[in-house]
Amino acid sequence: MADQLAAVGAHEVAVVVLSYNGLHELRHFLPSVVAHSHLTRPGWQATVWVVDNASTDGTWAAVAAEFPTVCRHRIEVNHGFAGGYIESLPHIAADLYVLINADVAVTPHWLEPLVDAFVADPLLMAAQPKILSQRQPTHFEYSGAGGGYLDYLGYPFCRGRLFFELEPDEGQYDDAREVFWASGACMAIRHTAYHGAGGFDPTFYAHMEEIDLCWRLKNQGYRVGYVPQSVVYHVGGHIIRYGSPAKMYYNYRNGLAMLVKNLRGRGWWRTVVLRMVLDGISGVRSLLRGRPQDTWAILRAHAHFYRRLPATLGARRRLITDERRRNATPNLTGLYRRSLVWQYFGRKVARSTDLPGLQQ
């Protein structure tokens, strides 16, 4: 997957804003993206795109009228976050995609550090900026924060965010580093990496598709990075609310599929079974706390996982075949070898800096 981004010649960065009925957010946040998405590096240019994911709120016409410099691509049927990019990115020519949610405000010169990181490291395939909260700008935001990690049972977390515990930004995560996954709220990814790895999994629809994609890249031996010199502010949760039964359903469902697809080694299935047991405990806990809707979401997630298990195992076999063809050695930097659930609920660890055994 050689990618000569540093070679002489013109290189294109496509800043791609995916929006579903997000005209209000676009009017509020897109001006900052248009104003600040310029590059000074010789031979590089950036173009802002809006992908209208079958909106019914007038997004298509409004973007044309109010943002004439923005390129547009329209999708006739909404197939979710994953499907929106799956359908649109093949139509957008660029060396580097920067996938960004409609509810993200960027800061001056935010794009340059991301591009610099890819030019400097040919093995870097995806990266994210520092993601702070638009609602509480002094704190990290749930979706990505200071770079994404994964514990050995597949529970995602970030520097600056454990479950729903958000840390203030005190400069403690201002070091650029390799992580395990980059947030879909604002993810830069090489064109060759995205398409070479097969893109987002359409069966995920929404949530954790970016973690699955990054894990596939890591299994191919590549790197995923965190670039804190680039800063953005994310609202988050305006389509599927954080902590809602809908979000739980997608996270539990997709989390299991992701484990089956990407875990390697002979005992991989034991990890999946243990994760399913913990899901069951979570369902009982929700029931005892008077939240039967959460329990029902977990049951539905598992039922969907069982129905799709043969297809998921088939995807696993294809990925392993491809990795063997590449003679790839998995890169597990950013994988936390202990249980996040035990550290957070058992030992009451609330900050990622306090997690024992985490590479800081």
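Predicted model: local features only at pLDDT ≥ 70, side-chain atom pairs only at ≥ 80, totals over all residues.
A charge counts as sitting over a ring when NZ of Lys or CZ of Arg is within 6 Å of the ring centre and within 35 degrees of the ring normal. Arg 72 and Trp 60 give another case, with Arg 72 over the face of the Trp 60 ring at 3.8 Å from the ring centre.

Next come the contacts between rings. The count of aromatic pairs comes to 17. Take Phe 140 and Tyr 173: their ring centres are 5.6 Å apart and the planes meet at 55°, so this pair is tilted. Phe 140 sits in the loop between β6 (124-133) and β7 (148-151), while Tyr 173 sits in the loop between β10 (165-166) and β11 (177-179), so the pair ties together parts that are 33 residues apart in sequence. Phe 140 is buried, at a relative accessible area of 0%, and Tyr 173 is buried too, with a relative accessible area of 0%. Phe 180 and Trp 215 also pair up, this time edge-to-face, at 5.6 Å centre to centre and 75° between the planes. Here the loop between β11 and β12 (186-190) supplies Phe 180 and helix α6 (residues 209-219) supplies Trp 215, so parts that are 35 residues apart in sequence get tied together. Phe 180 and Trp 215 are both buried. Elsewhere, Phe 81, Tyr 85, Tyr 97, Tyr 194 and Phe 200 come together as one aromatic cluster.

On the charged side, the structure holds 18 salt bridges. One of them joins the side chains of Arg 223 and Asp 121, at 2.8 Å from N to O. This pair links distant parts of the chain, with Arg 223 in strand β13 (residues 223-234) and Asp 121 in the loop between α4 (111-120) and β6, 102 residues apart. Arg 223 is partly exposed at 28% relative accessibility, whereas Asp 121 counts as buried at 18%, since the cut-off for buried is under 20% relative accessible area.

Asp 174 and Lys 130 form a salt bridge as well, their closest N and O atoms being 2.6 Å apart. With Asp 174 in the loop between β10 and β11 and Lys 130 in strand β6, the pair ties together parts that are 44 residues apart in sequence.

Lys 218 is buried, at a relative accessible area of 0%. Salt bridges also link Asp 201, Asp 212, Arg 216 and Lys 261 into a network.

Glu 323, in helix α9 (residues 292-326), counts as buried at 9% relative accessibility. Leaving aside residues up to four places away in sequence, Glu 323 touches Asn 219, Arg 264 and Ala 328.

Finally, the surface. Tyr 152, Trp 269, Val 273, Leu 274, Val 277 and Ile 281 make a nonpolar surface patch of about 530 Å². Of these, Leu 274 is placed in helix α8 (residues 268-288) and is partly exposed, with a relative accessible area of 35%.

Notes
Residues numbered from 1 in each chain as written. Heavy atoms only, no water. Patch = residues over 30% accessible without salt bridge, like charges linked within 9 Å, V, L, I, M, F, W, Y side chains within 5 Å. Areas by Shrake-Rupley, 256 points an atom, 1.4 Å probe, with all protein chains shown as cover. Salt bridge = Lys/Arg side-chain N within 4 Å of Asp/Glu carboxyl O. Helix = DSSP H or I, 4+ residues; strand = E, 2+ residues; numbered from the N terminus. Buried < 20%, exposed > 50% of the residue type's maximum accessible area, 1.4 Å probe, protein only. Phe/Tyr/Trp six-rings, centres within 6.5 Å; stacked < 30°, edge-to-face > 60°. Contact = heavy atoms within 4.5 Å.
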